[in-house]
Amino acid sequence: KLEDEGTFLSSEELTLETLERYRYKTYKMVRHIENMLVAYDYDTKQGTQEERRRFLIMQRRYIADNRMSIKEIMEHMNVSQSTVYSDSKKAMQDMSSFIFGYESVMFK
C-alpha cells in the first residue's frame with residue numbers, strides 16, 4: 001500500500017520476529033509513560049496548588065477511564081474554561097519534560 005511506504009509495514013521482510021520487536025518497543029514506551037505519569041503525580045503532590053490542579057485537570061480530561069468534558073471539569077473544580085485550557089496546555093508541557101527530558105522541551 002502507498003500509505004504504508006516508509007513504515008515497517010512496507011518491509012518485504014516483515015516477520016513474526018519483526019512484529020514481536022515492535023510490540024516490545026511499544027510496551028517499553030507505554031511503561032515509560034505510565035512511570036512518568038506516576039512521577040508527575042508525585043511531583044505535583046509536593047508542589048503548589050496550581051501545579052496539582054494542572055495534573056488533576058490533565059488526568060480528568062485525557063487519562064481517567066471516565067474522562068470529563070471541559071464543562072464538567074469547570075464545574076467539578078470550580079475553575080474557568082480558560083483555566084482548564086491553559087492548565088491542560090501547561091500540563092502537557094510538563095509531561096513532555098518528564099517523558100522526553102527537560103532539554104527536549106527547551107529547544108522546541
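The side chains of K45 and D41 meet in a salt bridge, at 3.7 Å from N to O. A salt bridge here means a side-chain nitrogen of Lys or Arg within 4 Å of a carboxyl oxygen of Asp or Glu. K45 and D41 sit 4 residues apart in helix α1, so about one helical turn separates them. Helices are DSSP runs (H or I, at least four residues), numbered from the N terminus.

A word on the source. This is a predicted model, where local features need pLDDT of at least 70, side-chain atom pairs count only at pLDDT 80 or more, and totals for chains, interfaces and linings use all residues. Residues are numbered from 1 along each chain as its sequence is written, and side-chain values use heavy atoms, with hydrogens and water left out.

Back to D41. D41 also forms a salt bridge with R52, at 2.5 Å from N to O. This pair links distant parts of the chain: D41 is in helix α1, R52 is in helix α2, and they are 11 residues apart. Together, D41, K45 and R52 are linked in a network of salt bridges.

How many salt bridges does a search of the whole structure find? The search finds 6. Another one of them joins R54 and D94, with the closest N and O atoms 3.7 Å apart. Buried means under 20% relative accessible area, exposed over 50%, and partly exposed in between (1.4 Å probe, protein chains only).

Now helix α1 itself, residues 16–46. Its 31 residues, at 1.5 Å a residue, should span 45 Å, and its end C-alpha atoms are 45 Å apart, which agrees. The expected span is 1.5 Å times one less than the number of residues. The buried residues of α1 are T18, M36, L37, Y40, D41 and T44. What covers them includes α2 (49–63) and α4.

Take T44. T44 counts as buried at 2% relative accessibility. Leaving aside neighbours within four places in sequence, T44 is in contact (heavy atoms within 4.5 Å) with E51, R52 and F55.

Last, M92. M92 lies in helix α4, residues 81–100. M92 is partly exposed, with a relative accessible area of 35%.

Methods:
Helices (H or I, at least four residues) and strands (E, at least two) are DSSP runs, numbered from the N terminus.
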